[in-house]
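Work through each task before reading its solution.

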Number of protein chains: 2
Amino acid sequence: MAQLVVTYGKPADPAAFDAHYRDVHIPLAWAIPGLRRFEVAEGPVLTPEGPSDVYLIATLTFDSLADIAAAFASPQGQAAAGDVAGFATGGASMLMFETREV
Amino acid sequence: MAQLVVTYGKPADPAAFDAHYRDVHIPLAWAIPGLRRFEVAEGPVLTPEGPSDVYLIATLTFDSLADIAAAFASPQGQAAAGDVAGFATGGASMLMFETREV
């Protein structure tokens with residue numbers, strides 16, 4: 001399995017971000033070929049010391065890094081990435097990696 | 001479910017880090033009460049543009065944020081956290097949050 005972790009900074013208008021994320025972005029992301037599982041943080045993202053500067057974390061699971069690369073290259077992936085550029089007013093960063101259970 | 005995501009920067013001695021992580025840290029972490037699932041990145045952690053400055057990501061899954069707090073407070077959690085302070089020569093940061101599938 002491989003994961004794409006998207007970390008969003010605090011947006012200018014959290015309520016607008018939340019509505020767009022729920023109503024537009026999640027459906028766009030689910031259209032991406034090869035997506036197996038899609039999890040989002042619910043409630044605050046914390047550090048051991050208290051609040052973090054992260055607003056939302058989303059974890060998208062695919063079968064492999066090759067599938068993530070293919071997803072980014074697909075029209076559906078391009079649409080979802082373009083959508084992020086519009087609504088992520090607090091910034092967004094992405095990390096991707098293969099995972100294994102230990 | 002709730003996740004604790006630990007992000008490690010590149011260590012001074014990657015081979016020593018890898019050996020310690022495998023032989024010492026994973027067993028210490030599995031001793032933590034309430035840990036349900038433990039995943040680590042295998043191979044490079046990438047961004048869409050190429051390599052990242054992240055050396056390793058570990059995702060520890062618990063039932064709830066309250067269980068993560070209890071884990072940190074436990075002797076086993078204190079032992080694992082103290083171990084991180086010793087081997088994570090490239091730094092380590094932690095984020096924790098409840099998750100839901102969408």
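**Exercise 1.** With which residue does Arg22(B) form a salt bridge, and how far apart are the closest N and O atoms?

Solution. The model is a predicted one. A salt bridge requires a Lys or Arg side-chain nitrogen within 4 Å of a carboxyl oxygen of Asp or Glu. The partner of Arg22(B) is Asp23(B), with the closest N and O atoms 3.0 Å apart. Asp23(B) has a relative accessible area of 48% and is partly exposed.

**Exercise 2.** Find the salt-bridge partner of Arg37(B) and classify both residues as buried or partly exposed.

Solution. Step one: Arg37(B) pairs with Glu39(B), and their closest N and O atoms are 3.2 Å apart. Step two: buried means under 20% relative accessible area, and exposed means over 50%. Step three: Arg37(B), at 27%, is partly exposed, whereas Glu39(B), at 5%, is buried. Elsewhere, Arg37(A), Glu39(A) and Glu101(B) are joined into one network by salt bridges that share partners.

**Exercise 3.** Which elements hold Arg100(B) and Glu42(A), and why does the pair join two chains?

Solution. First, the side chains of Arg100(B) and Glu42(A) form a salt bridge, 2.6 Å from N to O. Next, Arg100(B) belongs to strand E5 (residues 92-101) of chain B and Glu42(A) to strand E2 (residues 37-47) of chain A, so the pair joins two chains. Finally, Arg100(B) is partly exposed at 38% relative accessibility, and Glu42(A) is partly exposed at 41%.

**Exercise 4.** How many salt bridges are there over all chains?

Solution. The count by this rule is ten salt bridges over all chains.

Note on methods: Residues are numbered from 1 along each chain as its sequence is written. Chains are lettered from A and ligands numbered from 1 in the order in which they are written. This is a predicted model: local features need pLDDT of at least 70, side-chain atom pairs count only at pLDDT 80 or more; totals for chains, interfaces and linings use all residues. Side-chain values use heavy atoms; hydrogens and water are left out. Helices (H or I, at least four residues) and strands (E, at least two) are DSSP runs, numbered from the N terminus. Buried means under 20% relative accessible area, exposed over 50%, partly exposed in between (1.4 Å probe, protein chains only).
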